[in-house]
Amino acid sequence: MDQREVKEIVTERVGFCPKDAVGWLYAARGFYKMKDYNLVIQAVSHCLRSRKTLKEAQHLLGFSLMHTGQTSAAVAAFLKSVKLGNDTDWQPLIELCVDNPTLQITSQ
């Protein structure tokens with residue numbers, strides 16, 4: 001798929017875009033189910049500033065970055081996700097760190 005903006009793609013496919021972070025989170029879940037991880041990354045960007053959607057958006061972001069081969073960014077996303085209370089994200093965080101021992105991890 002080309003690198004068009006998620007808003008353009010959603011508007012083309014659905015006819016309009018979500019109006020709030022919750023709507024974008026549902027769109028991101030749909031893209032994740034379709035395994036379109038680049039669109040998930042774009043869609044969750046609309047959710048990361050909302051307290052209501054932050055925790056799940058951060059979780060989806062970590063996995064989507066991992067699936068697109070952005071290992072350092074995925075580790076950072078999983079660190080944030082764990083800090084937000086997504087305890088299950090410890091597993092992919094540890095696996096990425098063990099598989100990539102040269103990664104420089106900084107706690108924010």
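Colleague: Leaving aside its neighbours within four places in sequence, what is Gln 42 in contact with?
Modeller: Gln 42 is in contact with Arg 4, Glu 5 and Val 6, contact being heavy atoms within 4.5 Å. This is a predicted model, where local features need pLDDT of at least 70, side-chain atom pairs count only at pLDDT 80 or more, and totals for chains, interfaces and linings use all residues. Residues are numbered from 1 along each chain as its sequence is written, and side-chain values use heavy atoms, with hydrogens and water left out.

Colleague: Where is Gln 42 found?
Modeller: In helix α3; helices are DSSP runs of H or I, at least four residues, numbered from the N terminus.

Colleague: Buried or exposed?
Modeller: Gln 42 counts as buried because its relative accessibility is 18%. Buried means under 20% relative accessible area, exposed over 50%, and partly exposed in between, with a 1.4 Å probe and protein chains only.

Colleague: Which residues are buried in α1?
Modeller: Val 6, Ile 9 and Val 10, in a helix that runs over residues 6-14. Down the axis of α1 the buried residues fall within an arc of 95°, so they line one face of the helix. The arc is taken from the directions from the helix axis to the C-beta atoms.

Colleague: What covers them?
Modeller: The cover includes α2 (21-33) and α3 (37-44).

Colleague: And what comes just after α1?
Modeller: Gly 15, with a positive phi of about 110°.

Colleague: Other topic. Where does Ile 94 lie, and how exposed is it?
Modeller: Ile 94 lies in helix α6, residues 90-99. Ile 94 is partly exposed, at a relative accessible area of 44%.

Key:
Helix = DSSP H or I, 4+ residues; strand = E, 2+ residues; numbered from the N terminus.
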